[in-house]
Structures are given as structure tokens and as C-alpha cells.
Amino acid sequence: MKQLDTELSKQFTLSDYVEQRPELAFVTVEKQQLVPLLTYLRDTKKYTHLVTLTAVDWLEVNQFQLTYLLHNYETHTDIGIRVKLDRDNPVMETIHHLWEQARVYQRELHEMFGIDFPGSPGVEEPMILEGWQGPPVMRRDFDTAKYSLETYDHRKRDTREPEIYMKEKLYPED
Amino acid sequence: MKLKDILSPFYVWKRAFEKPYSINTLTELRPGSPTYRGFHKNDVSKCIGCGSCAEICQNITIDMVPVSETKDGDSGLRPRFDYGLCCWCALCVDICPTGSLTMSNAYTWVEEGLDKDVRETYCFTPGVDEKHWENEELGYHRPDEYELLHLNRLPMPHLPTEERITSFIEMVKGYSREQAVKEADRCIQCGICTATCPAHMNIPAYIKAIREDNIEEGLRIMYETNPLPGVCGRVCTRRCEDVCALSHRGEAISIRWLKRYLSDSVEGEKYNQILASEIKPQNKTVAIIGAGPGGLSAAYYLLKMGYSVEIFEQNKAAGGMLRYGIPEYRLPYDAMDKDINYIVSLGAKLHYNTKVGKDISFDELHARFDSVFISTGLFEASKLAIEGETLPGVLYGLNFLEDVTHGKIPELGKKVLVIGGGNVAMDAARTARRLGADVVVIYRRREIDMPADHEEIEEGYEENIEFHFQAIPMKIEQTADNRLEFIWGNAEMKQLEEGKRPVPVMIEGSRESIIADTIISAVGQSTNYHWMEGEAIANIKFGKWTIEADRWGKSSDPKVFVGGDIFNRVADAISAIADGHRSARAIDSFLQSQTE
């Protein structure tokens, strides 16, 4: 896998090579080089299968990280291509022209993280959160408890603190 | 046309008799997978209502609601789920300290009646509201290899046994800052312990202060309900730890040692500055009889309220049973004096070597003071009531321990028997062991029935103390070579009354004996009121055992209050401290009503 990385490095700006297992490695690429790199891997290096496309929210450094995982059926190796996006402007080129099924992943990422893939068919349609009005749910700064309290305030809470309740019940006079 | 072509349509028909590959979703339920995160289940007999599930829930799905059935160490609350908010992450199951909360693999719940508010239908209290998945075995349970709680306590360093049995140095070394913070970090802050503590100390709050390394705040929190934290940090019976939420699947938080850590972390000279509060002087006086934990606690709170307090103590130093009953290796005198000195520094006037009834009469106290608080304690040893009890060499545990405190070490000889199973018996046995004797403890019931602290018993074993259980004392005889023969009968445990603890009943004809040099009897304590003579007692009503009083310690004479071992029957330091605090507040309201 290291050999592949060296070879790719001649044409692409790669960084942070990590070999997780002999048959699995990750590498980070510049945002604008992603589509050429994936095309090259698919058409020249026989990484023909898009296994998954997923995202991580690195809130602390204000970035989203996309990971495109590709599989080679001849060598049975996987390579994960990572791209860092600015969290304030999370837009990425679509790759549905390379793999048709990518539009489903892209639609999901749009819904869960609010990452846009302009041109991806139906990317703005809800996938599972039909009628959802709130912020993208997988963003780490989404405070679920606060959202619940504000949005469902008609649903009266009726809870008690054990310590206070026990005092009222067991030793109110003390 | 071939024969096969004619027959092949009929081959298909054989499939009609096979099990179909398709699933009938219309009439048959498809169960969720064995670890499916389905609807919640709660074993309410195990649940203690600590609220950890509600605390960890990211979607405020859970409300803690009251239920009618409750038990000891149980808040009486149970989690109610709002399935409109639940996201099935199962954090509530993972955090549950008792392991009562789990999930079934059920995922269908059909309610009839669309006219009902949807909120009423999908909110429910598992284990309380009957549901069809209640007894479903399958479903998500916390996997064994995954644990959010820190179940094991930080080990407390002890003196090695060899060093212990040759000295009276404090055997428990105490936590370092790092250890204490780590131990405090295990606490889940549920507050179940607060109700069990007789003084209702705000335990979660001072543990939080330790975690945040705010020692001074921790000390202030402790003094709100307990003016003897250095003492309780060492010898408290710590019933709080018995109900600790973590004790259900792991080890309770070391609440006692954390209290000791707070108290040990502040120098005595700084107490005045840290605990300073505005004291409004009141023109009233209170007499306190007995400077044990009850009397000292009452004194502290009365002084803080601005009253003048005088304490009458028959011994030459304050502390009562803390000083004269508990040995130095458990409660060193300087640790106790740190607490006591601070109380005295607030202006308590102590009359040492002053026995009420002999050096000053109760009448005089009653006339001179605006109120009197009686906390004399159980200062009399109970008798064994067997033949030979008065022989030389037969001692009483209380007197023995008191003599050792005074530095009067009796000649024990090589072999010592201790009769009894309480903390005094253990203190006497372990003190005798430290004085060089071989010690045998003899107790009427079984080991599990011993009222002594289980740690004391374990440590007794470590110090090579022998135990004989189910032994009923019969008599003591003097042998020809001036030693003592202790004779007992073996007992069997019989359940005589339903719901009470079993009683030892002598096995007819059994007789065992053991030769010893000294026998120390520690089978209980009592008190007497011979010292309360005069006219002033006319209004005080006596019950069967003690002075009759309400829960505030108020007797039938409105200016006389009682507290401590003579009053609460639990007879431990923290209950006496709680009594002192309660009575101080009652005395305050009585004296305030007098001025109006």
C-alpha cells in the first residue's frame, strides 16, 4: 500500500498516510484534487468499488472530514481517501458521475451534517428525517437536550431530583 | 416432445409442501434480534430511583416520577420514558448503577383509540405500567465488557498487620490529594446517601468540592450538618455507604475516607477564618450535660446562633465515648482535639471533672440556665449476669478502654477472652491484642449477626484474634493456679418469632470451657439517672428506658432537651451529632418564643 501512496504522490498532493492494516490504508488529499484522484484510482488502479462515503465532525478545528472508501477486487485492498472541508462552508463536488450510488450517501450527509454536494440528484430531499426543521442532527454542536426542551415545550416535564424528593418525603422537618 | 417436458410442471407442485421462503408479516410477528434496542424494561425491585438514566439522557426523554412502592436506599422515584423523544441510544441502560434498566427486543406497541392525546399513549414507566414486553428475556443489556461507571474504590493504605499489633499508631493512613480526587470522581451525585445519613450531610456537595479541589468549600459544607468531621471521617458507622448507588454492582464510594481527607487537608488554625460567620449574640444561656458528640454538636450550633453555652463533663477531657471508648489506633487524640478545639474556640465554657448530681446539682443547672440539654451517654457497662462475674480478672470493656486512655494499663496476662460482638468488644479485643495478649472473642450469635463493623471483624482476623460463635456464657470459675475458667454452652439459632432475627438457644447438655488470665465483658451499655435528683425533675416524664421526648429531643419540661445515645438507641456518633443539631434548633425556637 505504501508503494501506491508513493506512486500517487507524484501526481497528487497527499498527506497523513496511515496504514491501518496491510490491506487497509488512509490518505488525505487536497479538496480540489479529490475527483481526479478517485477517477484515477477507479480507472487505472482498479479500485472500482465505492464501499462507503462518510463524514466526521471535527468541531474543535472547525472542519468536516469526508472519507471515501474504495475497494480493489484483484488485490483485495481498501484505500480510504480523506478530504478536509471548512466547517463554515461545507461544500464538496459530487461524485455520482463516477459511482451512481454516491448520490444516496451524499443525500444522507446533506441531511445529517449539512454538507452540500451541488448537482447530486435529489441531494436536498429528506432521507429519514421527514419534516425535520432543526439543525443537521449529527453535527456535534447540536445540543439535543436543549433542542428537545425548546421544541417540545408543550410536553410538560414532570421530573424530580432524588435528593430533594427524599428530603420532602422522608425528613421534611429537618 | 420429451417426457420431461410433460412432467416438469408437476415438479413445481412439490414446492407446495415445503416451508415457504417468504415471511408472513401479516399474521406472524417478527421478533427483533436478540440484542435489539427495543422498548425499555425496569426491574423495579432492583431500581433505587437514583436518576442516573435521566441525568445521562441526551434527549430529556426520562422524567423521574414518584411510585408508591419503595424500599431502603431508594428515592421512591422511577424513570418514565417519553417515546416521542427517545433515540434508542441505550446510554440509560449502560449507566444504570443497579443494572435494573434493560431493553426488550419488542418494537411493536399498538394502542387503541385515536381520540387519546398521543402524549398519553407513548409515555410510560417501565416495570410499573404493565406492558406486553415486560417479561421478554431478549433485547439489549449492557455488555459485560463495557462499563461507564468506576465500580472499584481506590484502596486505602493501611499499616501492615505486624506494625499494627505492636502499636497504637493510626492504622488507616488516609488518601492523598490525587487519590481523593480520583475517588471523588467515581461519585455519580445521585444523593441517595443524604437521606440515610442521620445528620443528612450534604454528601454529594462535599464530594463535588473535593473533585473540584475546593477544600475550603468542602469544609464549610460539612460543618453545615456536622461539627465533628475529623472524627466521623474516621469512625463513622457510615450507613451512607450501605446505600450508595455504586454498591449495587460494585463498591460504594469511600464517603468516610473522603470526609477525613477534607478535614485533614485544612490546618486547625484556619478553621476560624474559613468557617467564619456572623454571630448575633443572644442574651440566653444553655447548659449541656456531657461533652460527647451529642453535647458538642449541640454546643457548636448553639454557639453559632449566639447563645452562651456551658458544658458539664465528669471526665478531665471532652469527647465522651469518642475519647474513652474508641481506641487511639482508630481515632487518634489529636484528630479528635482538632474538631473539639474549634468548638471550644467559639466560646464554649467547659467544666471538666464536674459530675452533675455530685459537684453541682441538676436543680442548680435548671434554675441558672434558660435551657438544659442532657447527653450523658451510656456510661454503665451491662452485666453478664453469670456466676463468677465479680472474680478478680473479670473486667468490663468500657472501663478497660477508659483505663487505657488514661494510661492505666491493667495486667492482662497471656490470654484474654472478650465476651460480646459489638464495636466495644472489638475495640477491647484489638486493644488487648496490642498490649501483647492472645485474644479470643466469644459471641452468642453467628458472625453475620455481629453488630460490630464488618471491617473491624476482618481486621481482627488479620491480627490473629480467634472467634467462637454461638456460645452462651454459663459461669466463670477460678482455677487452682489463680487463672480463670470460662464455661459456656453451645447454641443453635432458632427462628422463634417471624420477622425477627433468630435467637441463640442453648443445646441441652452442651458444655465447653477455656482457660484465660483476663475476661473482658462487653455485652452492652446502659445508663442511669441517679444523678438527676431534686425538685427540677418534677416536670420531666420518664419512659421505660429514658426520658420521654419528641423527635426534637424536647422533654415534657419545655426547657429540658435530651439527645445522644440515651435518646436515639442507634447509639453511634453521627446519630448523636444529628440529635445535637436538631435539639439546638429546637432550643433556639423555644428560647426565641420566650423572648417574644
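Visitor: Why are α8(B) and α9(B) called roughly antiparallel to each other?

Guide: This is a predicted model, where local features need pLDDT of at least 70, side-chain atom pairs count only at pLDDT 80 or more, and totals for chains, interfaces and linings use all residues. Residues are numbered from 1 along each chain as its sequence is written, and chains are lettered from A and ligands numbered from 1 in the order written. The axes of α8 (residues 203-211) and α9 (residues 215-225) of chain B cross at roughly 165 degrees. Angles over 145 degrees count as roughly antiparallel. The two helices are therefore roughly antiparallel.

Visitor: Which residues meet where α8(B) and α9(B) touch?

Guide: A205(B), Y206(B), A209(B) and I210(B) in α8(B) meet E217(B), G218(B), I221(B) and M222(B) in α9(B). Contact requires C-beta atoms, placed from the backbone, within 7 Å. These residues divide into six nonpolar, one polar and one charged. Ala, Tyr, Ile and Met are among those that count as nonpolar, Glu counts as charged and Gly as polar.

Visitor: What makes chain B more spread out than a compact globule?

Guide: The radius of gyration, taken over C-alpha atoms, is set against 2.2 Å times the number of residues to the power 0.38. For 596 residues the rule gives 25 Å; chain B has 32 Å, well over that, so it is more spread out than a compact globule. Its C-alpha atoms fill a box of roughly 130 × 70 × 50 Å along the principal axes.

Visitor: How much of chain B counts as buried?

Guide: Of the 596 residues, 45%. A residue is buried if 20 or more other C-beta atoms lie within 10 Å of its own, with C-beta atoms placed from the backbone.

Terms used
Axes fitted to C-alpha atoms, helices over the stretch in contact; angles between N-to-C directions. Helix = DSSP H or I, 4+ residues; strand = E, 2+ residues; numbered from the N terminus. Parallel < 35°, antiparallel > 145°, perpendicular 65-115°, else oblique. Contact = placed C-beta atoms within 7 Å. Buried ≥ 20, exposed ≤ 12 C-beta atoms within 10 Å, placed from the backbone.
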